[in-house]
Amino acid sequence: MTNIDIVRAAFAAYLAQDREAIDGLLADDFVFTSPQDDHLDKAAFLRVCFPTADRLRRQEILDTADIDDHQVYVRYAYELKTGERHRNVEVQTVRDGRIAEVQVYFGGRFPEG
């Protein structure tokens, strides 16, 4: 699998809440950072962030691109069950076929269309 394939598989595992799949995609020393989460390790990410897919009505990856040999850029849109729509950007670092780091940049609410 390419780095982009690995990142896409992680998004799919999140939406499906497939704990076994995501565990195999994340490196043991995985780190997750967002404006709300400061350098969560793998266990904290799986406890705090991973179970939140039930808030979503839908999510769509809009763009992906390799930044370099290890980093992948992802832009995605999602709609909450409340009807709010958002877009975010992530930079994910893939090392030895597993995601080692995710950096999330919140884009905020996004209007219809």
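This is a predicted model: local features need pLDDT of at least 70, side-chain atom pairs count only at pLDDT 80 or more; totals for chains, interfaces and linings use all residues.
Colleague: Why is Asp28 called exposed?

Modeller: Exposed means over 50% relative accessible area. Asp28 has 65%, so Asp28 counts as exposed.

Colleague: What makes Lys42 buried?

Modeller: The cut-off for buried is under 20%. Lys42 has a relative accessible area of 9%, so Lys42 is buried.

Colleague: How do you know that Asp28 and Lys42 meet in a salt bridge?

Modeller: A salt bridge needs a side-chain nitrogen of Lys or Arg within 4 Å of a carboxyl oxygen of Asp or Glu. Between the side chains of Asp28 and Lys42, the N to O distance is 3.8 Å. That is within the cut-off, so the pair qualifies. Asp28 lies in strand β1 and Lys42 in helix α3, so the pair ties together parts 14 residues apart in sequence.

Colleague: Which residue of strand β6 also pairs with Asp28?

Modeller: Arg98 does, again at 3.8 Å, N to O. Arg98 lies in strand β6 and Asp28 in strand β1, so this pair ties together parts 70 residues apart in sequence.

Colleague: What makes Glu84 and Arg109 a salt bridge?

Modeller: Their side chains meet at 3.0 Å, N to O. The limit is 4 Å, so the pair counts. Glu84 is in the loop between β4 and β5, and Arg109 is in strand β6, 25 residues apart. Glu84 is partly exposed at 27%, whereas Arg109 is exposed at 61%.

Colleague: Which residues do salt bridges with shared partners join into one network?

Modeller: Asp23, Asp28, Lys42 and Arg98. The whole structure holds eight salt bridges.

Colleague: Why does buried Glu90 have no salt bridge?

Modeller: The nearest side chain of opposite charge, Arg55, is 9.6 Å away.

Colleague: What makes the pair of Glu90 and Gln92 a polar contact?

Modeller: Their side chains come to 2.7 Å. Glu90 itself sits in strand β5.

Colleague: Where is Glu90 relative to the largest pocket?

Modeller: That pocket holds about 620 Å³ of space. Glu90 is among the lining residues closest to its centre, along with Tyr14, Phe32, Thr52 and Tyr76. Strand β6 gives the most to the lining, with six residues.

Methods. Residues are numbered from 1 along each chain as its sequence is written. Side-chain values use heavy atoms; hydrogens and water are left out. Helices (H or I, at least four residues) and strands (E, at least two) are DSSP runs, numbered from the N terminus. Buried means under 20% relative accessible area, exposed over 50%, partly exposed in between (1.4 Å probe, protein chains only). Lys and Arg count as positive and Asp and Glu as negative; His and the chain ends are not counted. A polar contact is a pair of N or O atoms within 3.5 Å; within protein, one must be able to donate a hydrogen and the other to accept it, and residues adjacent in sequence count only if both atoms are side-chain atoms. On a 1 Å grid over the protein atoms alone, a cavity is a set of points where a 1.4 Å probe fits but cannot get out, and a pocket is an open set with protein on both sides within 12 Å along at least five of seven lines; lining residues have an atom within 4 Å of a point. Grid points are joined across faces, edges and corners, and a volume is the space filled by probe spheres set on the points.
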